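Please keep the sequence and the model in view while reading.

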Amino acid sequence: MDFNDTPQEAAFRSEVRAWLEANAKPKSALGFSAENPRFQRNEQESLKIAKAWQAKKAEKGYARITWPKENGGLGGTPMQQVIYGQEEAKFDVPSGFFEIGLGMCIPTVTHYASKDVASRYVKPALRGEEIWCQLFSEPSAGSDVAGLKTRAEKDGDDWVINGQKVWTSGAHYSDYGILLTRTDPNVPKHKGLTMFYLSMKSPGVEVRPIKQMSGGANFNEVFFNNVRIPDSQRLGNVGDGWSVALTTLMHERLAVGGGQGGSGPDIKELIGLARETELEDGQAIKNASVREKIAEWYVRGQGLKYTTYRTLTALSQGRVPGPEASIAKIVVAPKMQDLSSFAMDLEDMGGVMVGEDSPLMGAFQQSFMWAPGLRIAGGTDEILKNIIAERVLGLPADIRVDKDIPYNKLPTGR
Amino acid sequence: MNFDFSDDQKMLKDQARKFLTEKCSTKVVRRILESDEPYDKALWKQIAEMGWLGTAIPEEFGGLGLGHLELCVVAEELGRAVAPVPFSSSVYLATEALLIAGSDAQKKKYLPKLAAGELIGTFAIAEGPQPPSPKTVKATFKGGKLDGTKAPVPDGDVADFAIVLARSADGAGERSLSLAIVDLKGAGVSRRAVKTVDPSRSQAELTFKGAAAEQLGAAGDGWELAKRVLDRAAILMAFEQVGGADACLVMAKDYALNRYAFGRTIASFQAIKHKLADMYVLNELARSNAYFGAWALSTNAADLPEAAAGARISATDAFHNASKENIQTHGGMGFTWELDCHLYYRRSKTLSLALGASRVWKDRLVTHLEKKNVA
């Protein structure tokens, strides 16, 4: 047992590090202080910086390390992708704008579209020139996304789209999207779906930001009013949309090693707060109940970190990682919610204050307001538990009362 | 990155599992649970013959000279089998104490016999229903003589010798305690088996009245050494706990798949599916924390105390959860003597207390984090 790189991994790591040192600045030590520039950029500025950085990475083949060279990748291994990610995380570089496109949409397009079509879209996406979004979820189809309503009706060589999508990350700055629609409401729900890609600039597409309970607007509603899509932009056969969507979602699950917790405050910040907070019986860090909580969350965080190491070991040895990687979000999200709530309790009456009036610029408060979303996005806690129960433990799937009923005969409760 | 056991270690684990499946069914565990027999002597003898007792003892002292990673994989299987033998007392505690603190003469005297199973050792630190500490330990070790009472002492009724934490100087400071090795068959020692929640493992009260004992490690080092021994044992025991927790998940899953209610297998109800998914999550976290402990133990890393606390807290949490929710999954049947659920529930609690409760380890963990200025 050791945590060392193999000689090949070490060589790749130093290559990557040298390139990063030449092209980026190390991460700011300012952390959660107001001077940290990351608190001062708006989205437009961040996007501009991100596009420039993505272009630089693409030039070197680092934009998608596991993709073949002819698609602009490096033809590397999943372990090399992880090593790049670990090293890049030490630098002050933007992230996040291209993950959905490169991680899910483009692999789906390359899988189902003709070679010519795919080659038109792959490299601009890789270079950050074109951003993609994923148009699946709807107001009444979240966990049960196959129950979606958005209609696509054939009209000559075109399809005419009417309906509404929701929780679409990045739709407001996206150039293209992959869109899951209902083409046949007369058959059971999984069988009447069809996938398309389209330009987000198409007439009749309207993007409206959703104001989240946290106050921010990271997601959108997207409305389709008689939007025309040529049949040539269909991905997969008519009625096969569900299996196309599963391809997309499978690519989502293949993404490994990413920091699931984001950049929110964690144990280090909680210990810092506990040191600085004077409770009725002395310094909070000396309080037994505070220490117990710190220990519990620390052990969960470490358990997850070492679980990732087990996954990386499998990757490093060229094996398929075990199912243990599936526990990450179900641990991170509730921990984030409980930890931030507890930190606010330590601040006592003052815990209600946010921003500059609060320790760490209100990072715990922000985390507290963001955590409910993290427990839902990308699979709710409950759906993730179903997935573990069914795919890892081999327990039976839920009994589906809608399995053989035509979509338009399903009870909707509305 | 090579954060996994080697193929040889995995093979040893498979062998251990196969052996224990054959020789240590729950029938064997129940025989110890339901009788006055303190442990399964035949099983103990076979375990000794396979060399497991000397896994981490160097060859020069009669062991296999393998290492702690090998011991970890054996421990996991012993935990899965709820084995009714004094393995943890003799191997994780007495042997480890001698390895880190014994003089050359002491190692020569005890380790070969521990490795061969000719001697059973134990570690006596508790004095009744409160955590032992420099403030509370009353037993004394002065002028080569031990006086006082220790209880509960795991396997204290069957051990040949005990390593005892006792007061060697006045005051409540950490330097007031020392470790002493005492022959439990010698003069001035009396013992009485105590009843516990887990009769598949025996425990005793030891009373010393001027019993001759020899010092282990330097005078005044007792508390520091005890903590080091507990750290090492915590990692090994975490593997036992992980094995036990895994056994509970398998048991709960098998039962849920085969039990029908309301016209369907109960494994198809989300209330059960989510319960088992929660078990899986805690078990995996515990396994990963235990792996880090194994790495720290095998490399004598500076992070060993932190790794030990992490492994122990996580494994205790996982086994407790798995053993209680296994009963819950079995419903009324789970509460019967006849089903095996209670064997794990008992063992889980016993292991969780054996080296000190989670509460104590959580406090120690945060102390390490503060020192490291974590993080």
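Apart from its neighbours within four places in sequence, Ala217(A) is in contact with Pro209(A), Ile210(A), Lys211(A) and Gln212(A); two residues are in contact if their C-beta atoms, placed from the backbone, lie within 7 Å. The model is predicted, so that local features need pLDDT of at least 70 and side-chain atom pairs count only at pLDDT 80 or more, whereas totals for chains, interfaces and linings use all residues. Residues are numbered from 1 along each chain as its sequence is written, and chains are lettered from A and ligands numbered from 1 in the order in which they are written.

Ala217(A) lies in the loop between strand E6 (205-210) and strand E7 (219-230) of chain A. Helices (H or I, at least four residues) and strands (E, at least two) are DSSP runs, numbered from the N terminus.

Chain B is divided into domain 1 (7-87), domain 2 (122-220) and domain 3 (224-372), with bounds that come from an automatic or database domain assignment.

In chain B, helix H9 (residues 304-330) and helix H10 (residues 341-354) pack at an angle of about 160°, with their axes 9 Å apart. Axes are lines fitted to C-alpha atoms, for helices over the stretch in contact, and angles run from 0 to 180 degrees between N-to-C directions. H9(B) and H10(B) are therefore roughly antiparallel to each other, the term for angles over 145 degrees.

The largest nonpolar core has 227 residues, and Val164(B), Val182(B) and Leu276(B) have the most contacts inside it. Such a core is a set of buried Ala, Val, Leu, Ile, Met, Phe, Trp, Tyr and Cys residues joined through C-beta atoms within 7 Å. Leaving aside its neighbours within four places in sequence, Leu276(B) is in contact with residues including Ala389(A), Leu393(A) and Leu249(B).

Finally, the contact between the chains takes 40 residues from chain A and 38 residues from chain B. H8(A) gives the most to the side of chain A that touches chain B, with 19 residues.

Definitions and conventions:
A residue is buried if 20 or more other C-beta atoms lie within 10 Å of its own, exposed if 12 or fewer, and partly exposed in between; C-beta atoms are placed from the backbone. Angles under 35 degrees count as roughly parallel, over 145 as roughly antiparallel, 65 to 115 as roughly perpendicular and the rest as oblique.
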